[in-house]
Amino acid sequence: MIKQIIKDLDFLKITSVLATIEDKQIAIDLVETLNHHQDKCLGLAANMIGTHKNILAFYHNNKIMVMYNPVIIKKENSYNATESCLSLEGQRDTKRYQKIKVSYYNEDFQKRIMTFHGLSAQIIQHEMDHFQGIII
């Protein structure tokens with residue numbers, strides 16, 4: 001189901017909790033909502049659609065990838081970035097890493113470790129900030 005994007009900063013500042021296999025519908029809703037906003041959005045965190053769970057969906061190699069409970073286990077080459085967010089107006093400056101290694105669970109709740117570079121790495125970092133209540 002396509003969900004409305006949350007813009008309430010007090011809600012977005014609440015820290016998310018670990019997801020479980022039972023949260024699969026949240027991931028489905030994230031994917032459908034991301035598809036709906038594909039012209040102006042590259043990734044979404046679950047709290048952006050109203051649920052405080054550590055789930056994100058993002059475009060990677062022209063398809064949507066879902067991550068449950070991602071953790072960055074290595075990061076390299078910091079840089080300054082300017083980002084926007086569907087939950088906010090305008091753009092903001094932030095620090096990101098060009099290359100990250102992420103441990104996560106896939107859509108079948110199998111543990112995976114993968115390295116991401118460039119834009120994919122930036123999107124993951126942005127969405128993971130949402131888990132901590134960090135808004136760019």
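Start with cysteine 41: at 7% relative accessibility it counts as buried (under 20% relative accessible area with a 1.4 Å probe, protein chains only). Next, select cysteine 85, also buried, at 9%. Show both sulfurs: the one in cysteine 85 is 7.6 Å from its closest cysteine sulfur, in cysteine 41, too far for a bond. The structure has zero disulfides, a disulfide being a pair of cysteine sulfur atoms within 2.5 Å.

A word on what you're looking at: this is a predicted model, where local features need pLDDT of at least 70 and side-chain atom pairs count only at pLDDT 80 or more, while totals for chains, interfaces and linings use all residues. Residues are numbered from 1 along each chain as its sequence is written, and side-chain values use heavy atoms, with hydrogens and water left out.

Now select residues 118–131, helix 3 (helices are DSSP runs of H or I, at least four residues, numbered from the N terminus). Of its 14 residues, 13 are buried, so helix 3 is largely enclosed by the rest of the structure. Step past its end to glycine 133, where phi is positive, near 75 degrees.

Last stop: the largest pocket. Show Leu42, Ser84, Ile123, His126 and Glu127, which lie nearest its centre among 15 lining residues. A pocket here is an open set of points on a 1 Å grid over the protein atoms alone, with protein on both sides within 12 Å along at least five of seven lines; lining residues have an atom within 4 Å of a point. Helix 3 gives the most to this lining, with five residues.

How values were computed:
Buried means under 20% relative accessible area, exposed over 50%, partly exposed in between (1.4 Å probe, protein chains only). Helices (H or I, at least four residues) and strands (E, at least two) are DSSP runs, numbered from the N terminus. The expected span of a helix is 1.5 Å times one less than its number of residues. On a 1 Å grid over the protein atoms alone, a cavity is a set of points where a 1.4 Å probe fits but cannot get out, and a pocket is an open set with protein on both sides within 12 Å along at least five of seven lines; lining residues have an atom within 4 Å of a point.
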